[in-house]
Amino acid sequence: MLKPMELSYILNELGEDREQYFNAIAPPIIQTSNFKFNSVAAFRNALADEYQGNLYSRGFNPTSDILRKKLAALDGAEDALVFSSGIAAITVPVLSLLKAGDEVICVENPYSWTIKLFKDFLPKFNIHTSFVNGSDYAAIAAAISPQTKLIYLESPNTFSFDVQDLKAIAQLAQNKGILTMIDNSYCGPLYQQPIAHGIDLVAQSATKYLAGHSDVVAGVLTGKKSLLAHIFKHEHLNIGAALAPQNAWLLIRGLRTLPIRMEKITKNAEVVINYLKAHPLVEKVWHPFLGDEAQVALAKSQMKAAGGLFSFELKNTTYTQIETFCNQLKHILMAVSWGGYESLIIPAIAGIAADDFNPQEPRHRLIRLYVGLEEPDYIIADLAQAFQHIK
Ligand SMILES: Cc1ncc(COP(=O)(O)O)c(C=O)c1O
């Protein structure tokens, strides 16, 4: 994990060459699409290798470069690429690394658009994916075929919080010449450092904790320069999912307060979790540090903390009761996403038709809660009054 001194340097100074812009404390938003050259020779060099500098803001841009340096350092990576969304930071490298005939091993239950990428999109190009229980190392090892080119992880995932053994899977993949990639959005760089465990590529939805204010959609990918240069010069530039300079600036601003936000959110979540664990209408809280002993031990060995996102399962409940409970919340907002200042809720039934609801299936009864920066008593009072409507 990063030491506090390193963290302060990264967030306050790294990449910020203030003399270049009038000693301004906050960096400028270089709102330009293109950059000029003073000679044909310099222009030719830039066209020949866009990874080396600024040519056109579909590639690099000075405001994004400040952000890239900080994000790479936060992940302990050689470099970072930034994208217009988290899902672009996942889709672009996956498209770059694979070709027709290749196979992917992906953990079960990753983010919904990641599922669509592997299930619906890649088969159009004859790339096939096996979805494997990622908590079962032997199952991953058994799924490897000579065609396997990528093992894709999401640890923990963001509804049921299943955890994978990053070090063991990275070692297994390296021995077989297979690349590994993880979606590290749940932990972010302060709570989990996948590169230190040997993972090749780390993607994150920067929309969540990194931006932190529910006002930017963005993505980041970190890893070795050689891999990122290839991804950048081919699919990244071709697909054109660059982050706009204004959004890069908002992300730099968000990063300034990342440690203090994470600390407060984590503490708030602990208080709310303790309330829910003791509540008579709650069957179970789903969280990487609760439940199955082996999973908890693994989570604690590779994660520093768990942040504000978890799920809880209501006891003996009906579809209507879950709906009533969520509809009655006054302060916790019903919305997708998480990682901002505001607490959010999503019931699993938002994606399940009433006829398909199975009350015996715990996953159908799950309600995902993200605890934000509000005082925990404020959130608990809201939950308590909503419970009153279903008791
Ligand atoms: C775990 C996870 N990964 C990836 C994404 C995609 O990120 P974005 O919405 O920034 O495209 C999300 C978005 O909710 C997510 O929750």
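Visitor: Which helix gives the largest share of the shell around the ligand?
Guide: Helix α4, residues 86-97, with three residues. Keep in mind that this is a predicted model.

Visitor: Which residues come nearest to the ligand?
Guide: The shell has 14 residues, and Gly86, Asp183, Ser205, Thr207 and Lys208 come nearest.

Visitor: How does that shell divide by class?
Guide: Five residues are nonpolar, six are polar and three are charged.

Visitor: What lies 2.6 Å from a nitrogen atom of the ligand?
Guide: An N or O atom in the side chain of Asp183.

Visitor: And which residues lie by oxygen atoms of the ligand?
Guide: Ile87 places a backbone N or O atom 2.9 Å from a ligand oxygen. Ser205 has a polar side-chain atom 2.8 Å from an oxygen atom of the ligand.

Visitor: How much of the ligand's accessible area does the protein cover?
Guide: 90% of the 390 Å² that the ligand has on its own.

Visitor: What about the second largest pocket?
Guide: That one holds about 490 Å³ of space. It has 20 lining residues, with Gly15, Pro62, Asp65, Ile66 and Lys69 closest to its centre. Helix α3, residues 62-75, gives the most to this lining, seven residues.

Note on methods
Residues numbered from 1 in each chain as written. Predicted model: local features only at pLDDT ≥ 70, side-chain atom pairs only at ≥ 80, totals over all residues. Heavy atoms only, no water. Near = heavy atom within 4 Å. Polar contact = N/O pair within 3.5 Å; in protein donor to acceptor, adjacent residues only side chain to side chain. Areas by Shrake-Rupley, 256 points an atom, 1.4 Å probe, with all protein chains shown as cover. Helix = DSSP H or I, 4+ residues; strand = E, 2+ residues; numbered from the N terminus. Nonpolar A, V, L, I, M, F, W, Y, C, P; charged D, E, K, R; others polar. 1 Å grid on protein atoms, 1.4 Å probe; cavity = no way out; pocket = protein on both sides within 12 Å on 5 of 7 lines; lining within 4 Å. Points joined across faces, edges and corners; volume = space filled by probe spheres on them.
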